[in-house]
Amino acid sequence: MSILLTGGSGKTAPRIASLLAEQKIPFMLGSREERDVGPNGYPTVKFDLSDESTWMKVLGNTNIKAVYMMEPRISQPWVAMNKFVDFAQSQGVSRFVLCAGTSATLGKDGMGRVWEHLIACNVDYCVLRPSWFMENLVEPGLATTISRVNKIFTATQDGKIPFVSADDIAEVAYHALTKEESYNYDFRIIGPENLTYDEIAGTLSKVLGSRIEHVKLDENDRIEGLVRAGLSDYFARFLTRLEVMASQDFEKGVSNAVEKVTGHPPKSFERFAEENRDSWRSN
């Protein structure tokens, strides 16, 4: 049996790949880019959920039984994803692990449509609904403003967010993909604390030894700032909308999913900051 991991260049799939490699479980990383190897030299194949011609090339000549699915950035992604589920099932795939998000609601437009379809298809499944990734803070954008001007700009105001590490998401996904008996359930995957960006800035200040400030912007100023930074107007509005929702505590929550599945509590932000301090000193 082999496992297909879509989103091969993302934050979670390469981490799942590492866990599978440690246990010598066969897998392939699916990437929209044409390349033979991905992160850490893992086997990679060209795969695009929005390009049906790549589906048969990956599933037609392999023994893939489980698929990890990430949402592609296309209009109405659930249409292509549900069609792929049907095709994959016809090729012998019997388990799907869907990485959705906080907003995913069974039966609603978005990943809720895929979730609904998995249940209707009577396949083994698991839906992961993680909160915001800690790793976003070490990527260009946030990492740059933290290291260069000692500031974090958001429209989250005083909203609380249970930031979670991609390591914990990947570990839950690994178990969902490989556990003998499928969960057939959804897991809200979050970190151990609900934190404001003021508190995030406070922790970074302690770890880095310099004061980091959270600058609270209104919706329009945040959109304008993101567009000036090079984002499209559409994506700037999309990200800002998520931040405004977070300002209203949309993300706030509690869950024992990580510990229940993996046997250990989720990583704290302070530990994450200690592990990644060099990321904010080299930008």
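Is Cys99 buried or exposed? I looked this up first, and Cys99 is buried, with a relative accessible area of 3%, where buried means under 20% relative accessible area, exposed over 50% and partly exposed in between, with a 1.4 Å probe and protein chains only.

On the basis of the entries: I am reading a predicted model, in which local features need pLDDT of at least 70, side-chain atom pairs count only at pLDDT 80 or more, and totals for chains, interfaces and linings use all residues. Residues are numbered from 1 along each chain as its sequence is written, and side-chain values use heavy atoms, with hydrogens and water left out.

I placed Cys99 in strand β5, residues 95-99; strands (E, at least two residues) and helices (H or I, at least four) are DSSP runs numbered from the N terminus. Leaving aside residues up to four places away in sequence, I found Cys99 touching Tyr68, Met69, Met70, Glu71, Leu128 and Pro130, contact meaning heavy atoms within 4.5 Å.

I then traced the open sheet, whose 7 strands pair in parallel in the order β3-β2-β1-β4-β5-β6-β8, a pair requiring at least two bridges found by DSSP. β3 (44-46) and β8 (185-189) stand at the edges with a single partner strand each, so one side of each has no neighbour in the sheet.

Between β1 (residues 2-5) and the parallel β2 (residues 27-31) I noted 3 bridges, and Leu5 has Leu29 as its bridge partner in β2. Helix α1 (residues 13-22) packs on the sheet, touching β1, β2 and β4 (64-70), and its direction makes about 165° with that of β2; axes are lines fitted to C-alpha atoms, for helices over the stretch in contact, and angles run from 0 to 180 degrees between N-to-C directions.
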